Amino acid sequence: MNLKKRFKEAKSDYFTYAGVILAFIVISVLKANGGLNRSQTGLLVPICCYIVMAVSLNLTVGILGDLSLGHAGFMSVGAFAGVITAMGLYNVIPSAPVRLALAMIVGAFFAAVIGFLIGIPVLRLTGDYLAIVTLAFGEIIKELITCLLVGVDAEGLHIIFNVSGSKTATDLNLLEGGRVIIKGAQGATGTKTIASFTAGFILIMITLVIVQNLIRSRHGRAIMAVRDNRIAAEAVGIPVTRYKMMAFVTSAALAGAAGALFGLNYSNLAATKFDFNTSILVLVFVVLGGLGNIWGSIIATVILYILPEALRSFASYRMLIYAIVLIVVMLTTNNPVLKTYREQLREKFGKNKDKEATGA
Amino acid sequence: MTSGSLRVLNPPGVWEAKPDAMIKRDPLVPITRTSYIPERDADKTPILECIDLGITFGGLKAVDNFNLAIGRTEIAGLIGPNGAGKTTIFNLLTKVYQPTHGTILLDGKEIANMNTAQVNRAGIARTFQNIRLFHNQTVLDNVLIGLHNEMDYGMGSAILHLPSYWRAEKIARDRAMEYLTLFHLEQHADDLAGSLPYGAQRRLEIARALATNPSLLLLDEPAAGMNPSETAELMENIGKIRDTFHIAILLIEHDMSLVMNICEGIVVLNFGRIIAKGSPDDIRSNPAVIEAYLGRKGGKS
Amino acid sequence: MKFLAYLVSGISLGSIYAIIALGYTMVYGIAKMLNFAHGDVIMVGGYVSYLAAMNLGLPSLPAILVAMAVCTVLGITIEALAYRPLRSAPSLAVLITAIGVSYLLQNSALLIWGANPKAYTPVVNGTLQLFDGQLSISYVSILTVVCCIVIMVALTLFTGKTRMGKAMRACSEDKGAAQLMGINVNRTISLTFAIGSALAAIAGALLCSFSPALMPTTGSMPGIKAFTAAVFGGIGSIPGAFLGGILLGVIEALARAYISTQLSNSIVFAVLIIILLVRPAGLLGKHTQEKV
C-alpha cells in the first residue's frame with residue numbers, strides 16, 4: 001500500500017496522538033511550575049478517566065452503532081475490582097505504580113468478563129430496547145456492588161455478599177491488622193490513592209492505540225459494516241454477533257481500566273457514583289464530540305467536564321446553564337434550517353475562494 | 001484462506017480484450033427428473049441444487065416444491081410476476097429465512113445448519129433489490145469489507161499494526177482496486193458509497209459481492225432503474241464476470257431482453273411455484289408463462 | 001395475609017407506574033424517542049399540586065387539576081421548543097436534548113423549591129380495614145388503582161374510537177402518510193404530549209401520596225421504571241403499558257418483601273431482561289422483522 005496515502009488516511013489518528021501528547025507536556029510543565037491550583041490538579045485524573053470512558057463508549061455507540069446507557073456499570077466493576085486488587089496487594093507489592101498497573105489490568109479483565117456476560121443477551125436486541133437493557137444492567141451492577149463487603153487480612157480476601165442488608169463489616173471476621181476494603185453501601189473506604197496523571201496519560205494513549213488501530217483494521221471495518229447495514233454485512237460473510245461482541249467487550253475492558261484508575265484516585269468511593277447519570281454524562285460527551293469521532297470525544301470531555309467547574313462562581317445556576325448549553329448545542333447543530341444555512345455559507349465561501357483563485 | 005494465497009485476478013486486459021464477445025451459451029441437459037444444467041457443466045456436481053425447497057409464512061406457502069439445479073458456470077434466470085416469491089428464494093438460499101422444508105446443496109454439501117455469514121463463506125454471494133451498501137463508508141472500504149474473510153490477521157496484529165497487518169492490508173487494497181477497476185469505479189475509490197449515482201451503486205454492490213470470492217453469485221434485479229445503455233453494459237459485464245471468475249450466476253430480472261439474451265437456464269415462478277423451466281426458447285413459447293404474464297385469454301385484460 | 005398485603009401494595013405501586021407508562025408509551029409510540037424528561041414532568045406535577053394545596057389552600061382534586069393544567073402546558077412547550085425542531089434529526093440528538101430538558105427541569109426545581117424534601121399531604125387519608133383489621137388498604141391505594149383503570153379504558157376508547165385518536169395511531173405508524181391524508185401531524189404530536197404530561201401530573205400527585213418526600217429528583221427513578229414497564233408490556237401498546245406497570249409494581253413489592261430490599265430494583269430489571277429475551281417486543285408488543 002502506498003505509505004503516503006495510508007498516512008493521509010490516518011492523518012486524524014496522528015493528529016490525535018500529537019494533541020494528547022502536547023496537552024500532557026503542557027500540563028505537566030504547568031503543574032511542575034505551580035501554574036495549576038489544587039482544585040485544577042484534582043481534576044486531571046478524573047478527566048483522563050472520563051476521556052477513556054468517552055473514547056471507549058464511542059466504540060460502542062459511534063462505531064458499533066448500539067446505544068449503551070450502562071457504560072458506568074463497567075467503570076464501576078473496574079473501579080471496585082481495581083481497588084480490591086490494589087488494596088489486597090498493599091502489603092505484597094510495595095511499588096505503587098506496579099500496583100496501579102495491576103489494578104487497571106484486573107479492572108479491565110473483570111469489566112471485560114462482565115461485558116461478555118451482559119453482551120450475550122444485550123446484543124440480541126436492537127435500538128431502544130438495547131438501550132433500556134444496558135441501563136438495566138448498569139443499575140443491577142450498581143445495586144450488586146452496594147451489597148458487597150470485602151476485607152483483607154493475612155489469610156487473604158474475605159468477601160461477603162450482603163443480600164439481606166443485615167451484615168456489617170464486623171461479619172468479615174478479619175484478623176488483627178486486616179483492613180476493610182469495601183463496606184457495602186458506603187463503597188470503598190480508606191483506599192490509598194495511588195492514581196496519577198501520568199498513569200492517566202498512558203491509559204489514554206493505550207486506549208487511543210487500541211481504538212484507532214482497531215477502526216483501521218478489517219475488524220473495525222467489519223464492526224462499522226454491521227452498524228451501517230447488518231443484513232449486507234451478514235451477506236458478505238461477516239460474523240455479526242462475534243464482531244458486536246468484540247466491540248462491546250473491548251469497550252467494557254477500557255471502561256474497566258478507566259474505572260480502576262478512577263477508584264484509586266479517591267480514598268472513599270460509593271457504588272452510587274457510577275449510576276445512570278454517570279452513563280448519561282459520558283454519552284453526552286460522545287454525542288457532542290461527534291459519533292465515531294475520537295478526537296471530538298476527547299475535546300468534548302475536557303470542555304464539558306471543566307464547564308461545571310468553571311461555572312462554580314455561579315454556584316447553583318451552573319447545572320442549569322449546563323442543561324441549557326446542552327439543549328442549545330443540540331438544537332443548533334441539528335436544526336435543518338441552520339444546517340442548510342451553514343452549507344450555503346460554506347458554498348458561498350468556497351465559491352469566493354475559487355473566484356479569487358481564478359481572478360489572481 | 002490465507003492472505004498469501006489470495007486468488008490472482010485475470011489482468012484487466014483480458015476483461016477489455018473481447019468487448020463484442022458473444023456470451024457463451026450451451027444447450028441444457030437433464031441431470032435429474034426435474035433439473036437441467038448446461039452441457040459443459042454436466043459432468044461436474046452442480047454448484048447449487050434445491051430439492052423440494054419451501055417456506056410457509058403463517059400458513060401461506062410463499063415458496064413450495066422448488067427444485068432447481070445450476071451448473072458450475074451457468075448463467076441462470078429466475079423470473080416471474082411481482083410477488084411470485086423470487087426474492088424469497090434468494091433469502092432462502094442465503095439463509096436470511098430458514099426454509100420450512102427441503103434441502104439446499106451447495107457444491108453437493110448441505111447448508112441447513114449455516115447462517116447467512118457462513119453461507120457466504122461457503123460460496124454464495126448476493127446483491128439486493130433495494131441496494132444495501134455501507135453508505136457512510138468509502139467505495140474502497142465497501143469492497144474491503146467484502147474481502148474481510150480473505151484476510152487472516154487477528155485482533156492482536158490489528159491493534160499493534162504488526163507486519164502481518166500491513167502485508168494483508170496491502171494485498172487486499174490492491175485486490176479491491178482491481179475489482180473497482182473492473183467495474184469502472186476506480187476514480188471513485190475515496191468517495192462515499194452513498195454519494196454514487198444509482199447505476200454505479202449497483203455496480204459497486206456486485207463488486208463487493210464478488211470480493212467475497214463466491215462460487216455462486218445471486219443478483220436481485222441488477223438492471224432495475226437502469227437506462228438501456230446501462231443495461232446493455234450490465235449484460236456484457238455479467239457475461240464477463242462468469243468468464244473471468246468461472247462462477248455461476250443466478251439472477252432475478254424483469255427486463256426480458258436481458259434475461260432472454262444472457263441466461264442459459266430459466267425458471268419461471270408464479271405464486272411460489274415453478275410453472276416453467278428450460279432454455280429461453282422453451283420459455284418464450286410456453287403457454288403457462290404467457291398466461292402468467294399476460295393473464296388468461298378472455299379474463300381481465 | 002401478609003402476602004395479600006404485599007400484593008395490594010404492589011398493585012397500587014404498579015398502578016402508578018402504569019399511569020406514567022401509559023403516558024410514556026403514547027409519547028414513545030408517536031415521537032419514537034426516549035423522553036427522559038417525562039419523569040421530571042411528574043416531579044413538577046407533584047410540586048404544583050403540593051403548592052396549590054398548601055399556598056392556595058385548594059382541596060386535593062382542584063389542586064390536581066391545576067397540576068394537570070400546568071403540566072399540559074409544560075409538555076406542549078417542551079415538545080414545541082425542544083423536540084419539534086429535531087423531528088428529522090438523528091434519534092441520539094433527540095435523546096441528548098431530552099436529557100438536557102430533564103436536567104433543566106430538575107435544576108429549575110432545585111432553584112425554585114430548594115433541595116429539602118417537602119412533606120406531601122396525601123390526596124386522601126385513611127385506610128380501609130378488612131378481615132378484622134388484618135389487612136388494611138389505604139384509600140390512596142384504592143384511588144390509584146381506580147384512576148389507573150379509568151385512564152386505561154379512556155385511552156383505549158380515545159385512540160380506538162375518536163378522530164383524534166385515529167390520527168394519533170396513523171401518525172405513530174407513518175407520519176409522512178398521515179400528513180398526506182390531511183392529518184395535522186404537529187398538532188397530533190402536541191396533543192399526545194399534552195395527554196402524556198397530564199397523566200404525569202396525576203401520577204405525580206399519587207406518587208407523592210405514597211412516599212410523601214417530594215424532591216427535585218423524585219421523578220427520575222419512577223420515570224425510568226415506568227419506561228421499563230412500557231417496554232415490558234410492549235411499547236406503543238396501551239394494554240401493554242397497563243399490564244407492564246402492574247406487573248412491575250407487584251414484582252418490586254414482592255421482591256422487596258421476600259428477597260432483598262437492596263436488590264429490589266435489580267430484580268425488577270432482571271425480569272425485564274428475561275422478558276425481552278423471550279419476547280423481544282415485550283409482552284403484548286408486535287414483533288416486526290426488517291424486510292430484505
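Trainee: In which sense do strands S5 and S10 of chain B pair, and over how many bridges?

Mentor: Strands of a sheet pair through backbone hydrogen bonds, either parallel or antiparallel. Here S5(B), residues 75-79, and S10(B) run parallel, joined by four bridges. Ala76(B) stands opposite Leu250(B). Strands are DSSP runs (E, at least two residues; helices H or I, at least four), numbered from the N terminus, and pairing needs at least two DSSP bridges. This is a predicted model: local features need pLDDT of at least 70, side-chain atom pairs 80 or more, while totals for chains, interfaces and linings use all residues. Residues count from 1 along each chain as written, with chains lettered from A and ligands numbered from 1 in written order.

Trainee: Which residue stands opposite Ile252(B) of S10(B)?

Mentor: Asp220(B) does. Strand S9(B), residues 216-220, is parallel to S10(B) over five bridges. Between S9(B) and S10(B) the chain passes through helix H8(B), residues 228-245, in a right-handed β-α-β crossover (clockwise from first strand over helix to second, strands pointing away from the viewer).

Trainee: Is S10(B) mostly covered or uncovered?

Mentor: Mostly covered: five of its five residues, 248-252, are buried (20 or more other C-beta atoms within 10 Å of their own, placed from the backbone). Ala248(B), Leu250(B) and Ile252(B) point one way, Ile249(B) and Leu251(B) the other.

Conventions:
Buried ≥ 20, exposed ≤ 12 C-beta atoms within 10 Å, placed from the backbone.
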